[in-house]
Amino acid sequence: TIGAATQDITDWFLESATAGQIPEETQAEFEDSIEELAAVVDEMIERREGDRDSDDLLSILLAVGASSDADYDRERIRDEMITMFFGAHETTSLTLTYTLYLLAGAPEVTRELTDEVDRVVDGVPSSDHLADLEYTEQVVDESLRIYSPAHSIFRVARNDVEIRGYT
């Protein structure tokens, strides 16, 4: 499942960052998780390739990939989607976690936020309500200011690059 693959990848990053090296068994688990995640995203791409009417990120990438002058092959589209999946999943969960943590210590802010949501949302919340949830946006923005969810970005170069004599 995507959840298990995500957990394996996260565990690999944490283990490799603290140990300074990657054990063979962990490397194999990481590679298996990446392959599983890639297979899930490939399946999403296959299902979406015939649907050009959507305006989500995958549809946009597929449209760019279909243009003759673009350098967006299927593998690159898959890699972009995996990157967005991890970025969106991690940052969203951390933003919600930190916002709720801060709200737990600020009952007056929680009360005002709840009042705004009760006033604006009638029934099930949707993206149509976002523009009218001004105080909610301020609360989330303040949480992001205090606890940024993207404090570091891990990258692995595919090829060696030399910059000013350093590789």
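Tutor: Helices here are DSSP runs of H or I with at least four residues, numbered from the N terminus, and an axis is a line fitted to C-alpha atoms, for helices over the stretch in contact, with angles running from 0 to 180 degrees between N-to-C directions. The model is a predicted one, in which local features need pLDDT of at least 70 and side-chain atom pairs count only at pLDDT 80 or more, while totals for chains, interfaces and linings use all residues. Residues are numbered from 1 along each chain as its sequence is written, and side-chain values use heavy atoms, with hydrogens and water left out.

Let us look closely at helix α2, which covers residues 24-48. It has 25 residues and reaches 36 Å from its first C-alpha to its last, which is close to the expected 36 Å, the expected span being 1.5 Å times one less than the number of residues. Along α2, the residues T26, F30, S33, L37, A38, V41, D42 and I45 are buried, a word that stands for under 20% relative accessible area with a 1.4 Å probe, protein chains only. An α-helix has 3.6 residues a turn, so residues three or four places apart point the same way.

The partner to consider is helix α4, residues 74-104, whose axis comes within 10 Å of the axis of α2 and crosses it at roughly 110°. That angle makes α2 roughly perpendicular to α4, the term for angles of 65 to 115 degrees. The crossing of these two helices is right-handed, which means that the near helix is turned clockwise from the far one by less than a right angle.

If contact is taken as heavy atoms within 4.5 Å, α2 contributes L37, A38, V41, D42, I45 and E46, and α4 contributes R74, I77, R78, M81, I82 and F86. Sorted by class, this contact has eight nonpolar, no polar and four charged residues; Ala, Val, Leu, Ile, Met, Phe, Trp, Tyr, Cys and Pro count as nonpolar, Asp, Glu, Lys and Arg as charged, and the others, Gly among them, as polar. Among the α2 residues in the contact are L37, A38, V41, D42 and I45, and these are also listed as buried.

Helix α4 also meets α6, where the two axes come within 9 Å and cross at roughly 105°, and α4 and α6 are therefore roughly perpendicular to each other. That contact is made by T95, Y98, T99, L102 and L103 of α4 with V139, V140, S143, L144 and I146 of α6, and by class it holds seven nonpolar, three polar and no charged residues.

Methods. Angles under 35 degrees count as roughly parallel, over 145 as roughly antiparallel, 65 to 115 as roughly perpendicular and the rest as oblique. Buried means under 20% relative accessible area, exposed over 50%, partly exposed in between (1.4 Å probe, protein chains only).
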